[in-house]
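Colleague: I have a few questions about this one. Can you put it up on the screen?

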Number of protein chains: 2
Amino acid sequence: MAQVLVAPRLRLNRDRVLQAAVQLADRIGIDALSMRRLAEELGVVPMALYKHVANKDELLDGMVDVIVAEIDPPNGDLGWKAAVRLRVLSARQMLLRHPWARSVLESRTRETPTVLDYMESTIGMFLAGGFSADLTHHVMHALGSRMWGFTQELFDASAGPDRPPVDIAAQVAQLQAMAERYPHILQISEVATHDDSVVARGCDDRFEFEFALDLLLDGFERLRDAGWSSDARPTA
Amino acid sequence: MAQVLVAPRLRLNRDRVLQAAVQLADRIGIDALSMRRLAEELGVVPMALYKHVANKDELLDGMVDVIVAEIDPPNGDLGWKAAVRLRVLSARQMLLRHPWARSVLESRTRETPTVLDYMESTIGMFLAGGFSADLTHHVMHALGSRMWGFTQELFDASAGPDRPPVDIAAQVAQLQAMAERYPHILQISEVATHDDSVVARGCDDRFEFEFALDLLLDGFERLRDAGWSSDARPTA
DNA sequence: GGTGAAGGTGTACACCGTACACTCGGATGC
DNA sequence: GCATCCGAGTGTACGGTGTACACCTTCACC
């Protein structure tokens, strides 16, 4: 009956820590995520976290595991091409849910089981599709970070946490100035916004992503069907 | 005649700061590069740097400018394909000289003139090659970070600053353990090392890079020759 | 009911980026 | 020749970071 009125203070464990870290990063961004801030969120003193993760690096690795596990499992009913495509797009959806994930994924170098599982099953999709192990190897390299649902680009629209409100007048003046020095950049960015009156609307990210993905998938298929072999590789 | 014997203590300027920062990063790595450490290197107090760069972010932007300027200018005598290829491979050489550059390039979001110049001239190569502005736009996206001489991959061989010395016995045992859980990963990594007795020699980075690059360039060419247009794009 | 281990605490350290007020040397104007 | 001014370099300080280490508290089990 003398039930305490404060929160029952359930014990910490590794999973609670990781889940809280992911949610907190979703909310306040990865830069603001510090051990102290996370501890505060969990109503605990900073050093308490170190009973559950060895250090911040391991915390980040754990967070990667959490989000990689969110990627849909392969769909066995589809052909390799559709299956890979769907899976990669699922990874992309996960990345859109966790905007911080890209930079963390990029910075990681430790190969955790969850991550290896993801690679393992992706490789399996190519092998099942009739790709040689050799070609599959190169294909995985070619996919690169696209396998994780993103590609690195400078000036990505989602890079800045908050774009300043567009000042149309200033933007037009800036475009004018750019026209001389960067005519080509201007030319291709005009195309990107031809159907929209607002200047610099940005690209259709999903379209761009799928454009490159399909280009690669088609290329892979052509190589496979041509019986590609790396025997012709120049031994540098 | 009363020439001072200590170093003449030549004045700092923005360029000296940036050059020193690049060299220091080459030597001690980007993580160890702090304003304090850089100041020490220049024989100056930390705050002195702030007379020449606004903050650390601007320092990093300046460092990017320095290394991007190292990329070879386009060769006008070649066709678009060979010219783009050569240029991208030159960017890659620059990146190999500055191992820290990849992560810095990835983290930057500010578009400095030097960086814009590089993009401008790259875009120009496609336009000169008969690509429509529309297609060029998507092509630049598809190139992604490959334009900068790298692609993001997990477990890149160059990721760790110092791989621990290989313990062959432990490695074999680990492979044994992996064989059950990750047969596919094992399968494609065996291919990568078939001509080498040492386990886990790693991939031929240059080959992998060019494999994907050429796959894309060939794909671009096919699209151009087919008169590709994005009019068929599904309006989401 | 005692005990041992695991979980949570408190304090402390070294390092980081940088705000702010200062000193001092050298160019400029009279 | 002297005053002035300005900007490069200095010194101190603050609030933040990750985390080592010693401590205490709680709880399961014999």
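Colleague: How far is the polar backbone atom of B:M35 from a phosphate oxygen of DNA strand C?
Modeller: The distance is 3.0 Å. Keep in mind that this is a predicted model.

Colleague: And B:S34, what does that one do with DNA strand C?
Modeller: B:S34 uses its side chain: a polar atom there is 2.9 Å from a phosphate oxygen of DNA strand C. From chain A, a polar backbone atom of A:L12 lies 3.2 Å from a phosphate oxygen of DNA strand C.

Colleague: How many residues surround DNA strand C, and which are the closest?
Modeller: There are 17 residues around DNA strand C. The closest are A:R11 and A:K51 from chain A, with B:R36, B:Y50 and B:K56 from chain B. Of the atoms of DNA strand C that come within 4 Å of the protein, 48% belong to sugar and phosphate.

Colleague: What classes of residue make up the surface near DNA strand C?
Modeller: Eight are nonpolar, three are polar and six are charged.

Colleague: Now DNA strand D. Which residues are the closest there?
Modeller: A:R36, A:Y50, B:V45, B:K51 and B:H52 are the closest, out of 18 residues that surround DNA strand D. Sugar and phosphate make up 47% of the atoms of DNA strand D within 4 Å of the protein. By class, the surface near DNA strand D has eight nonpolar, three polar and seven charged residues.

Colleague: What part of DNA strand D does the side chain of B:K51 come up against?
Modeller: A base oxygen, which is 3.2 Å from an N or O atom in the side chain of B:K51. For B:H52, a side-chain N or O atom is 2.9 Å from a phosphate oxygen of DNA strand D.

Colleague: Which surface do the copies meet through?
Modeller: They meet through the same surface, because 100% of the interface residues of chain B are also interface residues in chain A.

Colleague: Different topic. Is A:E210 buried or exposed?
Modeller: A:E210 counts as buried, because its relative accessibility is 15% and the cut-off for buried is under 20%. A:E210 sits in helix 10 of chain A, residues 205-225.

Colleague: What does A:E210 touch?
Modeller: A:R85 and A:L89, leaving out residues up to four places away in sequence. With A:R85 there is a side-chain polar contact of 3.0 Å.

Colleague: And B:D218, where is that?
Modeller: B:D218 is in helix 10 of chain B, residues 205-225. At 33% relative accessibility, B:D218 is partly exposed. The C-alpha atoms of B:D218 and B:K81 are 8.8 Å apart, although 137 residues separate the two along the chain.

Colleague: Last one. What span should helix 6 of chain B have?
Modeller: Its 16 residues, 113-128, should span 22 Å at 1.5 Å a residue, and the end C-alpha atoms are 22 Å apart, so the two agree. Buried residues in helix 6 of chain B include B:L116, B:Y118, B:I123 and B:F126. Just after that helix, B:G130 has a positive phi of about 90 degrees.

Terms used. Residues are numbered from 1 along each chain as its sequence is written. Chains are lettered from A and ligands numbered from 1 in the order in which they are written. This is a predicted model: local features need pLDDT of at least 70, side-chain atom pairs count only at pLDDT 80 or more; totals for chains, interfaces and linings use all residues. Side-chain values use heavy atoms; hydrogens and water are left out. A residue is near a molecule or strand if one of its heavy atoms lies within 4 Å of it. A polar contact is a pair of N or O atoms within 3.5 Å; within protein, one must be able to donate a hydrogen and the other to accept it, and residues adjacent in sequence count only if both atoms are side-chain atoms. Ala, Val, Leu, Ile, Met, Phe, Trp, Tyr, Cys and Pro count as nonpolar, Asp, Glu, Lys and Arg as charged, and the others, Gly among them, as polar. Helices (H or I, at least four residues) and strands (E, at least two) are DSSP runs, numbered from the N terminus. Buried means under 20% relative accessible area, exposed over 50%, partly exposed in between (1.4 Å probe, protein chains only). Contact means heavy atoms within 4.5 Å. The expected span of a helix is 1.5 Å times one less than its number of residues.
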